[in-house]
Amino acid sequence: MWRLGILATAIAGLCTAFAALAETDENEREGGILGTGIVGTITALGSIYVNGQHILFDDDLGVEHLLPGHTVAVLAQPEGARWRASDVRQILPLVGPAQISTDGQLAVMGTPVLLAEDLRADIATGDWIAVSGLWQAGRVIATRIDPVNGGTSARIEGTLFEVGEDRPLLLGGTAITGLQPQHLQDGDVIRVTGKPVGNSLLVSQLETGVFADAPGTILIEGYFSAPKASGLYTVLGSNIVSYTDTPEMIDPNARQFFCGRVGEMMPVAAVQADDTRTFPIPGGCFAGTEAKAD
């Protein structure tokens, strides 16, 4: 199974302002009562490894179905050099019938899906599939493809970034229909289930947010959105927005590894690691500690 390169963290020389903020609020520095959110791709089992973080979990969380390549949102607290999960939710950017173009390109409900060679299984038009992966611009870069029963509801989960009364509601190439959006803003993550109709999804249920309760900080793997004229941008899938005075420096094509909290995002240097190593971030993303392998 193809998987994204395993990320591990090497945090050093962090911004003084972030360090000061961390020191003045101990609870928030460590993720607060709700914990730290970790959003990314499972790269190894034995507990699970996500974004280079070794995450332990209790049996009652029901995560036995999760496999390398699945994308997840984990709520966790530090436990020594590792993390202890209090909640794990599988993220499925796309679930629905496959569309295969004449040149062999895959899409689901009009949203393009980029496949690595070893993910090119025998998928035919009309086959129902669940796509794990990361959003990049208007497409999903798949990390895993699983077959699903066609009797299930179709689904799309991603970040809105062109919200307006005069615009149709779109995620990737999929039109969201049967809904008059209210209180949705650019940068909101939504999960929509319903009936697939060509390149659209007729809504039966809509939820917002990555987590039921927003954690103090998020450690996320993903891609930038292209900044708006105002400088507003996000790491797709994070539900956190920020602003830039230099939009030309934002590269939507480069995979990023970021820590974020409301109104703030901070790059984390990433290095390659093997499946058996973990690079803990003691005390949370903004603690300013340098990561090291176990």
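Predicted model: local features only at pLDDT ≥ 70, side-chain atom pairs only at ≥ 80, totals over all residues.
# Notebook: strands, a pocket and a cavity

**Entry 1: Leu206.** I began with Leu206, which is partly exposed at a relative accessible area of 28%. For this term, buried means under 20% relative accessible area, exposed means over 50%, and partly exposed lies in between, with a 1.4 Å probe and protein chains only. Residues are numbered from 1 along each chain as its sequence is written, and side-chain values use heavy atoms, with hydrogens and water left out.

I found Leu206 in strand S16 (residues 200-208). Helices (H or I, at least four residues) and strands (E, at least two) are DSSP runs, numbered from the N terminus. Leaving aside residues up to four places away in sequence, Leu206 touches Leu179, Ile190, Arg191 and Val192; contact here means heavy atoms within 4.5 Å. I also looked up Ile156, 50 residues from Leu206 along the chain, and the two C-alpha atoms are separated by 9.9 Å.

**Entry 2: the whole chain.** I then stepped back to the protein chain, which has two helices and 22 strands. Of its 294 residues, 51% count as buried. Among contacts between residues at least 6 apart in sequence, 64% join residues at least 24 apart. The accessible surface of the chain comes to about 13300 Å², and 51% of that belongs to carbon and sulfur atoms. Accessible areas come from the Shrake-Rupley method with a 1.4 Å probe, and for residues only the protein chains shown count as cover.

Next I checked what S9 pairs with; two strands pair if DSSP finds at least two bridges between them. Strand S8 (residues 106-108) runs antiparallel to S9, and three bridges join them. One residue I traced was Leu106, whose bridge partner in S9 is Val113. The hairpin of S8 and S9 has two residues between the strands, and Met109 takes a positive phi near 55 degrees there. S9 also runs parallel to strand S11 (residues 139-147), joined by two bridges, and Leu114 stands opposite Ile141 in S11.

**Entry 3: strand S11.** I noted that S11 is largely enclosed by the rest of the structure, because seven of its nine residues are buried. S10 and S11 pair in the antiparallel sense over eight bridges, with Ser132 opposite Arg144 in S11. These two strands form a hairpin with two residues between them, and Ala137 in the turn has a positive phi of about 55 degrees.

**Entry 4: the largest pocket.** Ala137 came up again when I looked for open space. The largest pocket has a volume of about 390 Å³. Of the 21 residues lining the largest pocket, the closest to its centre are Ala137, Thr159, Leu160, Phe161 and Glu162. On a 1 Å grid over the protein atoms alone, a pocket is an open set of points with protein on both sides within 12 Å along at least five of seven lines, a cavity is a set where a 1.4 Å probe fits but cannot get out, and lining residues have an atom within 4 Å of a point. Grid points are joined across faces, edges and corners, and a volume is the space filled by probe spheres set on the points. Strands S12 (154-159) and S13 (170-171) each supply at least two residues of the lining of the largest pocket.

**Entry 5: the largest cavity.** How much space lies in the largest cavity? I read about 160 Å³. Of the 17 residues that line the largest cavity, Val39, Ile91, Gly133, Leu236 and Gly237 are the closest to its centre. S10 gives the most to this lining, with three residues.

**Entry 6: Tyr223.** Is Tyr223 buried or exposed? Tyr223 counts as buried, at 7% relative accessibility, and I found this residue in strand S17. Not counting residues up to four places away in sequence, Tyr223 touches several residues, including Leu134, Trp135, Ile141 and Leu236.
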